[in-house]
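Please look over the sequence and the model first, and then read on.

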Amino acid sequence: MKTKVQVVFYSMYGHIYRLAEAVAAGAREVPDTEVALYQVPELVPDSALEKSGAKAARAAFANVPVIAPAQLAEADAIVFGTPTRFGNMCAQMRNFLDQTGGLWMQGALVGKLGSVFTSTATQHGGQETTITSFHSTLLHHGMIIVGVPYAEQRLLNMAEITGGSPYGASTLAGGDGSRQPSENELAIARYQGRHVATIAKKLAAKS
Ligand SMILES: Cc1cc2nc3c(=O)[nH]c(=O)nc-3n(C[C@H](O)[C@H](O)[C@H](O)COP(=O)(O)O)c2cc1C
């Protein structure tokens with residue numbers, strides 16, 4: 001039986017999408033792992049997306065299927081990606097999670113692995129608060145939180161500005177969104193995917 005890892009994200013300008021692909025690639029490196037990439041539904045009106053340039057950016061990953069809340073129950077592990085909004089997860093992700101009350105009532109996510117990655121515009125814009133506040137929802141669902149241990153030595157990189165923390169992978173988009181995820185950040189994201197898939201596989205073998 002294959003272990004099922006879902007990577008579920010929202011991205012407005014593509015930074016989280018790039019990290020999501022890296023997380024998925026890392027998870028795929030683990031034998032007997034089935035990886036599915038999903039995005040959550042958009043809430044912002046088309047006209048506003050058009051104005052901010054997000055419409056063109058989002059076209060690059062329009063092919064990624066939109067997930068329905070009930071599908072989360074199919075996974076052994078779920079890695080969530082959200083850009084920061086004032087130090088918290090984005091409304092699109094919050095809205096999606098607020099539709100998981102039925103799953104919560106059934107205990108459908110209890111014992112599954114949950115892990116989070118993020119993106120901010122600025123260096124101290126709330127990466128850690130976004131991830132750790134996201135963890136509260138996962139804990140209410142009975143999920144087991146997985147981060148990125150310092151065994152991933154790229155977390156110690158002081159030679160450049162970089163995202164990535166023991167809480168999860170991250171990137172810095174820059175004030176105008178022009179900075180793209182660095183190789184260091186993408187490697188940490190791949191590590192996170194691999195780490196989650198490895199633990200999920202071990203848990204599945206013992207159950
Ligand atoms: C309403 C709003 C609030 C934001 N709040 C923050 C913030 O608190 N800190 C920060 O560094 N960036 C903030 N940003 C910037 C986004 O986090 C950034 O655009 C995002 O991480 C880029 O990821 P994406 O390309 O996947 O959408 C905010 C953006 C918006 C639109």
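This is a predicted model: local features need pLDDT of at least 70, side-chain atom pairs count only at pLDDT 80 or more; totals for chains, interfaces and linings use all residues.

Residues are numbered from 1 along each chain as its sequence is written, and side-chain values use heavy atoms, with hydrogens and water left out.

A nonpolar core is here a set of buried Ala, Val, Leu, Ile, Met, Phe, Trp, Tyr and Cys residues joined through side-chain atoms within 4.5 Å, where buried means under 20% relative accessible area, exposed over 50% and partly exposed in between, with a 1.4 Å probe and protein chains only. The largest such core has 31 residues, and the members that touch the most others are Val 7, Phe 9, Leu 37 and Phe 117. Two or more residues come from each of β1 (3–9), α1 (15–28), β2 (33–39), β3 (77–83), β4 (113–120) and α7 (183–206); these are DSSP runs numbered from the N terminus, helices being H or I with at least four residues and strands E with at least two. The greatest share is that of α1, with eight residues. A second, separate core holds 24 residues, including Tyr 38, Leu 49, Ile 67 and Met 143.

Helix α1 is mostly covered, since 10 of its 14 residues are buried, among them His 15, Tyr 17 and Gly 26. Its buried residues pack against β1, β2, β3, β4, β6 (170–172) and α7, a contact being heavy atoms within 4.5 Å.

Around the ligand there are 17 residues, of which Ser 11, Met 12, His 15, Thr 84 and Ser 119 are the closest; a residue counts as near if one of its heavy atoms lies within 4 Å. The table gives polar contacts, which are pairs of N or O atoms within 3.5 Å.

| Residue, backbone atom | Distance to a ligand oxygen |
|---|---|
| Met 12, polar atom | 2.8 Å |
| Tyr 13, N or O atom | 2.9 Å |
| Thr 84, N or O atom | 2.8 Å |

Taken alone, the ligand exposes 640 Å², and the protein buries 78% of that, with areas from the Shrake-Rupley method and a 1.4 Å probe.

Thr 33 belongs to strand β2 and counts as buried because its relative accessibility is 10%. A polar atom of the Thr 33 side chain lies 2.9 Å from the backbone oxygen of Val 30.

How values were computed: A polar contact is a pair of N or O atoms within 3.5 Å; within protein, one must be able to donate a hydrogen and the other to accept it, and residues adjacent in sequence count only if both atoms are side-chain atoms.
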